[in-house]
Amino acid sequence: MTRRTPDVAPVTWLGMPAFPANAKVQLANDRQRANLTHATRTIRAKRAAVVSEVDDWEQLRLAGAAIKDRTLRHLDTYLVEFEKKLKAAGATVHWARDAAEANQVVIDVTRAAGADEVVKVKSMATQEIELNEALEEAGIAAWETDLAELIVQLGHDSPSHILVPAIHRNRSEIREIFLTEMGRYGRAAPDDLTDDPGRLAEAARIHLREKFLRAKVAVSGANFAVAETGTLVVVESEGNGRMCLTLPETLITVVGIEKVLPTFADLEVFLKLLPRSSTGERMNPYTTMWTGAHGLDGPRDVHVVLVDNGRTNALADQFGRQVLRCIRCSACLNICPVYERVGGHAYGSVYPGPIGAVLTPQLRGHTEAIDASLPFASSLCGACFDVCPVRIEIPDLLVHLRRQVVDEHKRGGLGLERLAMGVLGEVMGNPHSLRAAQIASTLAGKLPIPGIGRKLPGPGASAWTTSRDLPMPAAETFTQWWRKRSDAPGTDEEPDR
Amino acid sequence: MSLFITCINDTMFPHTGRAVVSVLERLGCEVTVPANQTCCGQMFTNSGWFGEGVKSVRAFVRAFADAEVIVGPSGSCVGSVRHQHPMLADDAGDAGLRHEVDQIVARTRELSEFIVDDLGLVDVGAHFPHTVTFHPTCHSVRVAKVGDRPQQLLRAVDGITVVDLPHAEECCGFGGTFSVKNPDVSAAMGTDKVAHAVASGAEYVVAGDNSCLLHIGGLAHRTKAPIRTIHLAEILASTQDAPFMAGAAR
Amino acid sequence: MSARDEILGRIRGALADVGEPDPARDVVLDWNYGQPLPMDDVIARFVQRVEDYRAEVVRADEAALPGQITAVLQRHGATAVVVPAGLPEAWRDAAGAAADVVVEQRRQPLPHDELNRIDAVVTASRVSIAETGTIVLDHAPDQGRRALSLVPDLHLCVVREGDVVSDVGEAVGLLGISVASHRPLTWISGPSATSDIELNRVEGVHGPRTLVVLLVG
């Protein structure tokens with residue numbers, strides 16, 4: 001059977017190389033690095049400007065974290081309440097243990113609606129479960145309608161950012177993709193298309209309008225799900241969300257179980273935190289809130305799929321569960337010096353950047369090389385925590401997960417590191433051992449070799465000296481100098497320099 | 001006060017330790033250096049080896065049990081004591097150790113905190129007739145939370161010219177074992193930091209952490225970038241009578 | 001076991017450490033909901049913030065409003081206008097003075113392609129937010145169903161000064177009633193926009209590319 005939607009680059013997350021190898025490849029992509037530097041600097045400045053306008057930002061962050069913690073620690077209660085209110089409002093509620101179950105629900109509902117295509121609102125949950133490919137295999141075409149997702153889909157590409165999946169593309173690349181691909185899947189881009197962002201947006205408007213008008217089924221995610229009322233919330237910018245949420249007859253919303261909020265009033269906190277953290281706006285252009293079916297206004301057949309897919313693993317870790325506070329704003333990606341340089345693809349997951357480095361291993365475990373390497377994909381600079389609207393302690397979580405990886409792999413692939421850490425652990429735990437080791441290091445420092453600049457053998461040392469010089473250890477340690485100075489009574493108190 | 005020299009300064013940068021002694025004794029402090037000190041253990045903790053890390057915590061507690069005030073010339077190491085030692089003690093399930101850690105944390109200061117807060121000084125009588133730019137290291141700002149104390153001290157130095165470092169708040173890419181586990185990303189970040197330091201027009205890039213400076217300096221040296229590294233303590237120790245001598249004991 | 005029961009079971013197993021059954025006592029929350037944001041002039045802030053999004057603000061008193069509706073539609077060259085059945089008659093007539101008017105009845109929604117051929121829509125609104133320049137529709141009869149204010153390219157939205165509150169908290173407080181009455185909500189902050197190309201904001205994608213706010217005082 002021929003494909004109905006653009007085939008995707010052969011990316012299989014599992015089995016892919018570990019982060020350092022991916023990063024090395026991505027670092028060599030000069031155009032991507034330029035695109036990312038420009039984009040992340042732009043969005044950082046916008047975020048900083050609008051956050052500085054809010055006097056009680058820190059109180060808001062604390063409230064956001066507390067509301068999420070309250071929900072997570074009583075998640076069963078809130079999910080049951082949410083389900084009850086949804087049903088009362090005329091929605092059908094499905095539960096899915098994993099990606100395959102969630103995808104099957106969407107396939108079944110779409111077929112029952114007599115449709116062979118769906119329009120999609122940008123959704124991380126559906127990216128996570130790889131819904132588009134599951135639908136394609138079932139003979140159903142999934143059309144991404146968010147501009148960036150459209151760029152990724154038409155570009156046979158994969159997303160590299162939570163908010164702006166095509167952040168690695170610049171305007172001239174986007175023009176090329178539109179000119180080449182749009183006509184194969186619907187209305188072609190005009191021949192005189194330029195790389196002016198306004199013209200590119202207009203081409204997307206024209207290309208997608210016919211799909212919006214004819215679609216019988218839409219698939220969305222949700223930013224928030226209100227237990228008290230059964231209300232779902234989608235926050236967006238372009239109006240593609242509104243199109244999908246209101247024009248088709250059938251709406252299927254795929255929601256991670258952690259998206260629940262206790263009360264409608266809680267939206268106050270999150271609608272202040274999210275837009276400023278995410279797009280750097282005081283408010284995003286459009287937010288839709290719906291509660292089941294609304295008669296002749298919008299879809300009459302309303303489905304909600306509540307997805308676990310590893311979330312209960314994260315929930316079971318008392319320290320790790322805070323990762324489920326995440327509202328997918330992307331502020332941590334935009335501020336991260338590692339993400340800025342390598343982009344999203346190196347992380348081997350639809351959740352890249354700092355949040356991906358702590359979320360992915362908790363959802364998928366860390367038996368795969370890529371997942372085990374993610375907690376180490378950070379210099380622990382801490383900038384991510386500063387910008388996180390729900391105060392996820394990403395640096396401490398990274399360290400927490402490093403410990404889990406080490407514990408799990410101690411007997412396997414960490415032989416050399418185990419040896420080094422074991423020896424050094426003893427040395428640093430015992431001053432006598434340290435002083436003895438320092439005598440050895442000072443002997444090296446006394447060798448007649450220039451003080452800096454050698455290339456050293458050994459895995460750790462060569463990783464250092466590939467691009468950096470390393471000074472020789474000093475010929476006399478500080479403590480040796482101090483002891484000599486203290487042992488020599490009546491010497492000049494002025495330390496020599 | 002008791003000097004927490006830190007393992008990297010002890011072994012690789014003894015001149016920084018001597019500079020700390022020099023400036024603190026000049027300011028009238030009685031400096032002691034507990035001989036049985038080792039390391040904050042951060043290398044183990046941040047690599048996921050908590051069992052090895054807690055050995056350093058116990059050694060730290062033993063070494064500084066009697067210290068009145070503990071001063072370390074490193075935002076990162078002091079930050080580790082403050083932030084990670086309580087966590088490691090809890091992780092070991094050792095309530096007694098946690099209690100000792102809490103007592104010691106309350107008495108631990110980063111160098112600039114000690115001078116500005118405990119001694120109440122900003123002008124330490126230093127003289128350093130050079131153009132410098134300051135890199136606020138991530139752990140000094142975000143973990144130890146030293147604020148702008150280092151900059152206050154720098155600005156008060158006689159003869160100095162402090163110029164802004166573009167994108168100063170961005171990590172240099174050292175990150176402890178990150179520098180060897182992810183060497184390419186680490187070097188890419190450091191290369192940008194060196195470029196920003198060079199663009200500032202300064203002769204020296206100053207920081208309160210020699211670990212970051214080891215990385216920045218190693219990259220600058222390899223690429224022959226026209227910038228040198230210096231620890232804040234060495235500037236504060238420099239006076240008209242005993243000026244800092246580049247290359248001396250380095 | 002059903003997926004539902006299994007997931008709920010996993011959650012309960014994962015939360016075995018949570019001893020306190022009352023969520024509010026378990027996690028204490030220090031937040032004062034629904035508070036206004038102190039500001040000198042709520043209306044001036046609203047106008048400034050809406051204009052920040054490059055939306056047009058036209059101010060009028062009640063008597064001048066119909067004339068302004070006609071003028072705005074003429075200025076934008078609208079030829080076909082849709083209005084919800086519950087729109088005040090004077091506003092509908094004012095739209096009719098500028099263009100052909102289709103009145104959509106609550107029980108007879110226009111087919112999508114017919115709606116797609118219409119230039120402009122005139123609606124009322126429920127509540128607006130000064131600090132963020134946001135207008136909220138709760139799709140009562142004077143606002144029409146959601147698609148009505150979405151598909152046409154020009155949205156002329158009437159906002160009464162009395163419905164403008166300072167900040168998001170106050171608005172959420174007021175909108176609880178709409179949700180309890182089982183109404184959907186649409187929050188609108190400027191025209192449709194995207195930041196997907198190099199993170200630069202561009203106005204005008206799928207929603208109305210032109211938003212004109214008629215502020216009535």
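Start where chains A and C meet: 61 residues of chain C and 74 residues of chain A form the contact. Two residues are in contact if their C-beta atoms, placed from the backbone, lie within 7 Å. This is a predicted model: local features need pLDDT of at least 70, side-chain atom pairs count only at pLDDT 80 or more, and totals for chains, interfaces and linings use all residues. Residues are numbered from 1 along each chain as its sequence is written, while chains are lettered from A and ligands numbered from 1 in the order in which they are written.

**Stop 1: the chain C side.** Select helix H1 (3–14) of chain C. H1(C) gives the most to the side that touches chain A, with nine residues. Helices (H or I, at least four residues) and strands (E, at least two) are DSSP runs, numbered from the N terminus. That side of chain C divides into 27 nonpolar, 19 polar and 15 charged residues. Here Ala, Val, Leu, Ile, Met, Phe, Trp, Tyr, Cys and Pro count as nonpolar, Asp, Glu, Lys and Arg as charged, and the others, Gly among them, as polar.

Stop 2: Select strand E9 (residues 286–290) of chain A. Four bridges join this strand to E9(C), and the two run antiparallel. Two strands pair if DSSP finds at least two bridges between them. Find Thr287(A): its bridge partner in E9(C) is Trp187(C).

**Stop 3: the sheet of chain C.** Now show the open sheet of six strands in chain C, in the order E1-E12-E7-E4-E2-E3, with parallel pairing. Strand E1 (56–60) and strand E3 (100–104) of chain C stand at the edges with a single partner strand each, so one side of each has no neighbour in the sheet. Next, pick Val82(C); its bridge partner in E4(C) is Val121(C).

**Stop 4: helix H23 of chain A.** Select residues 478–487 of chain A. Which residues of H23(A) are buried? They are Phe478(A), Thr479(A), Trp481(A) and Trp482(A). A residue is buried if 20 or more other C-beta atoms lie within 10 Å of its own, exposed if 12 or fewer, and partly exposed in between; C-beta atoms are placed from the backbone. The buried residues of H23(A) pack against helix H1 (7–12) and helix H2 (14–26) of chain B. Turn to the face away from the buried side: Lys484(A) and Asp487(A) are exposed there.
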